[in-house]
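Please open the structure in a viewer and keep the selection tool at hand. The tour goes from one selection to the next and says what is there.

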Amino acid sequence: MIPTRLSEIVFPNHCNHLGTLFGGQALAWMDKAAYLAAVRHAGGVVVTVCSERVEFRRPVKLGDVVDIDASIRRCSRSSITVDVALWRTQGSQRELATQGSFIMVAVDEHGKARVLPT
């Protein structure tokens, strides 16, 4: 499966008091990428159940461009584990800034877990 990629520019409203990307904003972008990868695979609505092992490796600065890559690692009966990497680009330099995993569950119209298609 082709990884899902989102790109963003870090604006002042995305930054903390140090002028770097607020961790909550990074998590929101990563969750969105995980959702898009999982919903395409599931063929219907999914919800985030948990994020795990999120590691903030390098700061992302105001004005940086970020690429967020999401790849499905594993599927079970109703859940999908998505690995997500957030890369910072400044000039021609690109480096891994944040990474983590998100567990998404496919749900039906009542919000109950549903079986994923094979």
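The stops below cover the sheet, the helix, a surface patch and some salt bridges.

Keep in mind throughout that this is a predicted model.

**The sheet**

Start with a cartoon view and colour the strands. Five strands form an open sheet, and across it the order is β1-β3-β4-β5-β2. The pairing is antiparallel. Now select residues 4–9, which are β1, and residues 46–56, which are β2. These two strands stand at the edges with a single partner strand each, so one side of each has no neighbour in the sheet. From one strand to the next, the twist averages 25°.

**The helix**

Select residues 23–42 to see helix α1, which packs on the sheet. Helix α1 touches β1, β2, β3, β4 and β5. Its direction makes about 55° with that of β5.

**Strand β4 and its partners**

Next, select residues 79–90, which make up strand β4. Is this strand largely enclosed or left open by the rest of the structure? Nine of the twelve residues of β4 are buried, so the strand is largely enclosed.

β3 and β4 pair in the antiparallel sense over ten bridges, and they form a hairpin with three residues between them. To find one of the bridges, select I72 and look across to its partner in β4, V82.

The hairpin of β4 and β5 has two residues between the strands. Select G91 in this hairpin: its phi is positive, near 70°.

**A nonpolar patch**

Switch to a surface view and select Y35, V45, V47 and V49. These residues form a nonpolar patch on the surface, with about 320 Å² of accessible area together. V49 is found in strand β2. The relative accessible area of V49 is 52%, and this residue is exposed.

**Salt bridges**

Go back to the cartoon and show side chains. How many salt bridges does the structure hold? There are eight salt bridges in the structure.

Select E55 and R57 for one of them; the closest N and O atoms of this pair are 3.6 Å apart. E55 is partly exposed, at 38% relative accessibility. R57 is partly exposed as well, with a relative accessible area of 41%.

Now select D67 and R94, another salt bridge, with the closest N and O atoms 3.8 Å apart. This pair links distant parts of the chain: D67 is in strand β3 and R94 in strand β5, 27 residues apart. D67 counts as buried at 12% relative accessibility, whereas R94 is partly exposed at 38%.

D69 is buried, with a relative accessible area of 15%.

For the last stop, show R5, D67, D69 and R94 together. Salt bridges that share partners join these residues into one network.

Definitions and conventions
Residues are numbered from 1 along each chain as its sequence is written. This is a predicted model: local features need pLDDT of at least 70, side-chain atom pairs count only at pLDDT 80 or more; totals for chains, interfaces and linings use all residues. Side-chain values use heavy atoms; hydrogens and water are left out. Two strands pair if DSSP finds at least two bridges between them. Helices (H or I, at least four residues) and strands (E, at least two) are DSSP runs, numbered from the N terminus. Axes are lines fitted to C-alpha atoms, for helices over the stretch in contact, and angles run from 0 to 180 degrees between N-to-C directions. Contact means heavy atoms within 4.5 Å. Patches are made of residues with over 30% relative accessible area and no salt bridge: like charges are joined within 9 Å, nonpolar side chains (Val, Leu, Ile, Met, Phe, Trp, Tyr) within 5 Å. Accessible areas come from the Shrake-Rupley method with a 1.4 Å probe; for residues, only the protein chains shown count as cover. A salt bridge is a side-chain nitrogen of Lys or Arg within 4 Å of a carboxyl oxygen of Asp or Glu. Buried means under 20% relative accessible area, exposed over 50%, partly exposed in between (1.4 Å probe, protein chains only).
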